[in-house]
Amino acid sequence: MKKESKKVVAYTRVARRESGSPDNCIEMQQQALKDFAANNGYLITEHFYDVGVTKPVEREGYQDMIKAIEESKSEIKYALITQYDRISRNYSLFMEAVTSLKANYQVTIVIAASSPLPEFFLSYLKTTNPI
């Protein structure tokens, strides 16, 4: 019997000041998430992205992701990102987003690439992350 894939949303973001064209960077992140999903039993149902530097709650793509999670009626349990700083480079804002997604929607953020997070953040994520 084939194991059913876990439904996820994917979120990517680039800052305007990053090198290369924003579209190219978004495409590279999307491909990395597609590869990660395929190799780890995830099915990406929707992909959301933002260009620019703002707080997560101020970003249109991030808010669209939250709406899709709400509308999924608990079918989506994971949000894939390539690195923690796609949510926020500020650890406090990142942890606020992680905590809010888990508390309000029972959604866990899965980081698809290695990220230079402090050990206490990694410990927290390991307790809520299925991988």
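## Surface and overall make-up

The accessible surface of the protein chain is about 7,500 Å², and 50% of this belongs to carbon and sulfur atoms (areas come from the Shrake-Rupley method with a 1.4 Å probe; for residues, only the protein chains shown count as cover). This is a predicted model, in which local features need pLDDT of at least 70, side-chain atom pairs count only at pLDDT 80 or more, and totals for chains, interfaces and linings use all residues. Residues are numbered from 1 along each chain as its sequence is written, and side-chain values use heavy atoms, with hydrogens and water left out.

Of the 131 residues in the protein chain, 40% are buried (under 20% relative accessible area, with exposed meaning over 50% and partly exposed in between, using a 1.4 Å probe and protein chains only). Among contacts (heavy atoms within 4.5 Å) between residues at least 6 apart in sequence, 71% join residues at least 24 apart.

You will find 4 helices and 4 strands in the protein chain, following the pattern β-α-β-α-β-α-β-α along the sequence. These elements are DSSP runs numbered from the N terminus: helices are H or I with at least four residues, strands E with at least two.

Strand β3 (residues 78–81) pairs with β4 in the parallel sense over 4 bridges; pairing requires that DSSP finds at least two bridges between two strands. Ile-81 has Ile-111 as its bridge partner in β4. Between β3 and β4 the chain passes through helix α3 (residues 91–105), and this β-α-β crossover is right-handed (with the strands pointing away from the viewer, the path from the first strand over the helix to the second runs clockwise). In strand β4 (residues 108–111), Thr-108 and Val-110 point one way, Ile-109 and Ile-111 point the other way, and all are buried.

## Aromatic rings

Now for the rings: the structure holds 5 aromatic pairs. Rings of Phe, Tyr and Trp (its six-membered ring) pair if their centres lie within 6.5 Å; planes under 30 degrees apart count as stacked, over 60 as edge-to-face and the rest as tilted. Tyr-84 and Phe-94 form an edge-to-face pair, 5.7 Å centre to centre with 75° between the planes. Because Tyr-84 lies in the loop between β3 and α3 and Phe-94 in helix α3, the pair ties together parts that are 10 residues apart in sequence. Both Tyr-84 and Phe-94 are buried.

One aromatic cluster is formed by Phe-36, Tyr-42 and Tyr-78. The charged end of Lys-6 sits over the ring of Tyr-42, 4.6 Å from its centre, and also over the ring of Tyr-78, 5.8 Å from its centre. A charge sits over a ring if NZ of Lys or CZ of Arg is within 6 Å of the ring centre and within 35 degrees of the ring normal.
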